[in-house]
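Colleague: I've got some questions about how features get their labels here. Mind if we go through them over the structure?

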Amino acid sequence: MRSRERLSGIWLMAMALLSLGAYTAFFVAQMWLNVLHAWYLGLAVLQFVTLNVYLWGPEKLTAKPLRVLYRIFYATSFLVIPSFAFIFMGLVSQYHVKVPGSIDASATSVEEIRPGEETVIYDTGTVYVFFPEYSDVDLVCGKRPSKSDKSITWCSGAAFQHTVSLGFTQENVEGDHAVNGTLYESPYNKDAFAAFTFADGNYHFEFDDPTGAIRAAADAGGSGFMQFGLIHDGETVMSFDRPRARCYRTLAELNGGVCIIDSVNMLHFDEFMDELHRLGVTNAVYMDMGAGWNYSWYRNASDKVVTLFGLPVPWSHNWVTFRK
């Protein structure tokens, strides 16, 4: 066997194993998108088919269409490495970075976990509690907020999107929402949705009439969006059964201030909820934290941007921002 043929065999075996690893990582990262599922499964199948044809002997393919098809299958092996890199980034993005400058609150009374004059972060050992410095809270749709915008102190994904799409339309945002006084009605309102709004310098969580709250915020020139209600007046209102551990996030009201609460490490949803109740969270809405959707960053008191989850996906199109 010539050296070129040996190298081809090594390459195909390596790409078959790597494609299987990418597909496995797809499940671990929980990137449940139909287009990705079909892509990674199809890519793995193609690699194993190509490898089997190679082991059988491609020279035995006498029909020209079959030889052309084999070459096309072989060419797909060069897509495995970038595909694995993308899914690996998705897997890594499930793990929260250690937040520099956070205050150790593992032995702090919950009454002392409250906002300051500048952005402050508490680490309870189970969750990070972010109190961004702000004078305004916006919903940004379409173009992702820039880290060079020094007025932004917090940025993360906000509302769900109904379909995975590279193009952006307001209709694809689930739940009625308002952007700087403009109301966008959605065909995808859900009974379990609550609303978070900011208008006239005040934030508001609304669980009974989220549609009315969004409309009122728009009339006042403010912003707001809908998400699943999590905690209302200190009581759990969301039933969520997820057997696997992951990172969780909520936009919440704690000790009279609005904050974002992230799990420090991957944990089960019940553990996350137990910590929210221990802290005494008054109101909270769920914030999606799937791979890519958990893209988020904040600006610390020293005016430095700290990236928490740094994998923006091109089909993520709306974010909540806090501005000073």
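Colleague: What makes R144 count as lying over the face of Y295?

Modeller: Keep in mind this is a predicted model. R144 lies 5.5 Å from the ring centre of Y295, and the cut-off for a charge over a ring is within 6 Å of the centre and within 35 degrees of the ring normal, so the label applies.

Colleague: And why are W11, Y70, Y74 and F78 called a cluster?

Modeller: Ring pairs link those four, W11, Y70, Y74 and F78. Rings pair if their centres lie within 6.5 Å. The search of the whole structure turns up 16 aromatic pairs.

Colleague: Which residues lie nearest the centre of the second largest pocket?

Modeller: E5, S8, Y54, P58 and Y70, out of 12 lining residues.

Colleague: How do you know that the buried residues of α6 sit on the same side?

Modeller: In α6 (residues 269-279), the buried ones are F269, F272, M273, E275, L276 and L279. They cover an arc of only 160° around the axis, so they end up on the same side of α6.

Colleague: What makes D270 and D274 exposed?

Modeller: Exposed means over 50% relative accessible area. D270 and D274 get that label, and they are on the other side of α6.

Methods:
Residues are numbered from 1 along each chain as its sequence is written. This is a predicted model: local features need pLDDT of at least 70, side-chain atom pairs count only at pLDDT 80 or more; totals for chains, interfaces and linings use all residues. Side-chain values use heavy atoms; hydrogens and water are left out. Rings of Phe, Tyr and Trp (its six-membered ring) pair if their centres lie within 6.5 Å; planes under 30 degrees apart count as stacked, over 60 as edge-to-face and the rest as tilted. On a 1 Å grid over the protein atoms alone, a cavity is a set of points where a 1.4 Å probe fits but cannot get out, and a pocket is an open set with protein on both sides within 12 Å along at least five of seven lines; lining residues have an atom within 4 Å of a point. Buried means under 20% relative accessible area, exposed over 50%, partly exposed in between (1.4 Å probe, protein chains only). Helices (H or I, at least four residues) and strands (E, at least two) are DSSP runs, numbered from the N terminus. The arc is that of the directions from the helix axis to the C-beta atoms.
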